[in-house]
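Please keep the sequence and the model at hand while reading.

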Amino acid sequence: MSAQPSTATRRPSRFARVPLLVWVFLLVPLVVELFWVFWPAANSFSLALTRWDGIGLAEPVGLQNFRDLAADPIFLTALQNNVIWVLGFGGLSVVGGLALAVTLNKPGPMVSLYRSAIYLPMVVSLAVSGLFWRVMYAPDGPINGTLGLLGLGQLERQWLADPAVALWAVLIAAVWRQVGYIMVLYLAGLKGTDGSLEEAAAVDGANAWQRFWRIVMPQLRGVNMVVFAVTVIDSLRTFDIVWAMTRGGPYNETQLLSTYMFQQAFTTGNLGYASAIAVVIFALAIGFIITYLARQARTED
Amino acid sequence: MSALAPPAADAPAAVRDRPAPRLRRPRPARSPWLHVAMVPVTLLWLSPIVFVLFVAVRSYDDIAGRGLGALPASFSLDGFATALTQGGVLRSLGNSVLVTVCAVVASLALSSFAAYALSRFDIPFRRTILLTMLAGNLLPPQILLVPVSSITEAIGIGDTLTALVVVQVGFGIGFYTFVLHGFMRSLPDEVFEAARLDGAGPGGIFWRIVLPLSRPSLAALAALATTWIFNDLIWAMTVLRTEAKFPITAALLNLQGGFASAWNVVAAGALIAAVPTAIVFFLFQKQFVSGLLVGANK
């Protein structure tokens, strides 16, 4: 196409031959990403089929790592915790973020102050958020202190050392940081909704609850999709905040797939086994990655 | 704190307004209920930050004697001093700033190259290339950790800040390219035609036209990338072994181990770590929010 002689005189821009410099522009970043992302990712899949301590040669063991995983109680706890994490972390931050977005979707100086306060935690890294919440959850910390002041002393506990509540304690800290992000996404979505539809429904006698579910929510379908995919992908990646708060303890009760994978890889040195866990994480995430990509591809058209 | 006053005074009026919801509609955002609900939520939301600030400015003896949850009865900057000197927070802060600046500049440079090529030229399979690059950024990092760690060692940059920068760039460019591509594609064709008639080549057009016009989206991405890279923990823990090279996030976790009972030191370190990204946030709040929205619009 580009070599057709008829274009020689006018050279329409879209079909002009791609100059060499432009190929360099494209290939340098592409090669960097291929080398540092796609090649390592491919390697993980082959490592998952080996037993390797990182020093000697990797010994091929077929699917043995995956059979071991199926019988590994810590892995199963981590898997179960990850399901709780997707539902709890995802559910609470989406409900909280949506509720706050609807509440704060109006002008006013006070309202922008509230909004800033809600998304302020996002600038604090997950690792530092974890430290902040370690202070809150300390045995003699503010949370137990407040419970004592309110006469609820029987609810006081060692939040991060008590296997019954530790996972939820970490989860609340993660939600604290995530809600602002979800709120910002929904605020942008709400800005794109048609206010006159709501007005008309109100004139017809629909109450606020009905207007929200029947008029506003259907218009937010696009944002919902993005929020859903982002939340699940983020949940499966979660590592920093758990590592900063509990390192998976007490007794592996707050272990997620990502923290267990990291421990197996860099604390225990079972690199093949760790790669098998990484493959499981990938398998769980890939469906949501494709959902997100398909959506982005459509907006690219 | 002054935010507490107005809603409290307005509260009785709200009670009177309640039985006539229809009449309320023409006066939006006047309802005091918003403030009645939001002031406590806001205070609760800020409370972890406020308590950490309290702990950071209390003396060790005060904390040991009266507990972490008590309100400050002392004021001391010892926590900050100890964290900065003995805790090595200053050194690790320097590492973080160095890595962040290098990685942000390099990622945005490389991804604007790629975005320019993909958006303004007839590259075969450009859509596939673009989406593949984006897909790389969406992969769970866990699938990359073990091989990345061995690759950095195999090519002789194991345990160096260079490795951390390179890994951050490699993992980030897919996303930045995708966003910049969307922006560059929307630039008007007339500008390019005019430049071409003036005899500008592809390099000149990129440097003198595309980059200046892309400033808004570059700023949004820079704000976002700065917080991501500065706040990273998992890549640092994957490629670095020597404590002296740790960025602030990883160093803080060690600080917590070394100063386990000195909560004022840990809290001061945590606050220091949050300051640089907070500054970026407040200076570039608009860009930051628009950066977050990238990929979520429509």
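## Overall make-up of chain A

How many helices and strands does the secondary structure of chain A come to? The model, which is predicted, gives chain A 13 helices and 2 strands.

Taken along the principal axes, the box filled by the C-alpha atoms of chain A is roughly 90 × 75 × 30 Å.

## The interface between chains A and B

Chain A contributes 82 residues that are in contact with 82 residues of chain B. On the side of chain A that touches chain B, helix α1 (residues 20-47) of chain A gives the most, with 18 residues. By class, the residues on this side of chain A comprise 61 nonpolar, 14 polar and 7 charged.

## Helix α1 of chain A against helix α6 of chain B

One pairing across the two chains joins α1(A) to helix α6 (residues 89-120) of chain B: their axes come within 8 Å and cross at roughly 130°. Because of this angle, α1(A) counts as oblique to α6(B). The crossing of the two helices, α1(A) and α6(B), is left-handed.

Which residues make the contact of α1(A) and α6(B)? From α1(A) come A:V22, A:F25, A:L26, A:V28, A:P29, A:L30 and A:V32. From α6(B) come B:L110, B:S111, B:F113, B:A114, B:Y116, B:A117 and B:L118. This contact of α1(A) with α6(B) holds 13 nonpolar residues, 1 polar residue and no charged ones.

## The two domains of chain B

Chain B is divided into domain 1, covering 2-83, and domain 2, covering 89-293. Their contact takes 14 residues from domain 1 of chain B and 12 residues from domain 2 of chain B.

On the side of domain 1 of chain B that touches domain 2 of chain B, two or more residues each are given by α3 (33-56), α4 (60-66) and α5 (78-84) of chain B. The largest share of that side, 5 residues, comes from α5(B). The residues of this side of domain 1 of chain B divide into 9 nonpolar, 3 polar and 2 charged.

## Helix α6 packing within chain B

Helix α6(B) also packs against helix α14 (residues 248-258) of chain B, at an angle of about 155° and with the axes 8 Å apart. That angle makes α6(B) roughly antiparallel to α14(B).

Here B:V89, B:S92, B:L93 and B:S96 in α6(B) meet B:I248, B:A251 and B:L255 in α14(B). The contact of α6(B) with α14(B) has 5 nonpolar residues, 2 polar residues and no charged residues.

Key
Residues are numbered from 1 along each chain as its sequence is written. Chains are lettered from A and ligands numbered from 1 in the order in which they are written. This is a predicted model: local features need pLDDT of at least 70, side-chain atom pairs count only at pLDDT 80 or more; totals for chains, interfaces and linings use all residues. Two residues are in contact if their C-beta atoms, placed from the backbone, lie within 7 Å. Helices (H or I, at least four residues) and strands (E, at least two) are DSSP runs, numbered from the N terminus. Ala, Val, Leu, Ile, Met, Phe, Trp, Tyr, Cys and Pro count as nonpolar, Asp, Glu, Lys and Arg as charged, and the others, Gly among them, as polar. Axes are lines fitted to C-alpha atoms, for helices over the stretch in contact, and angles run from 0 to 180 degrees between N-to-C directions. Angles under 35 degrees count as roughly parallel, over 145 as roughly antiparallel, 65 to 115 as roughly perpendicular and the rest as oblique. A crossing is left-handed if the near helix is turned anticlockwise from the far one by less than a right angle, and right-handed if clockwise. Domain bounds come from an automatic or database domain assignment.
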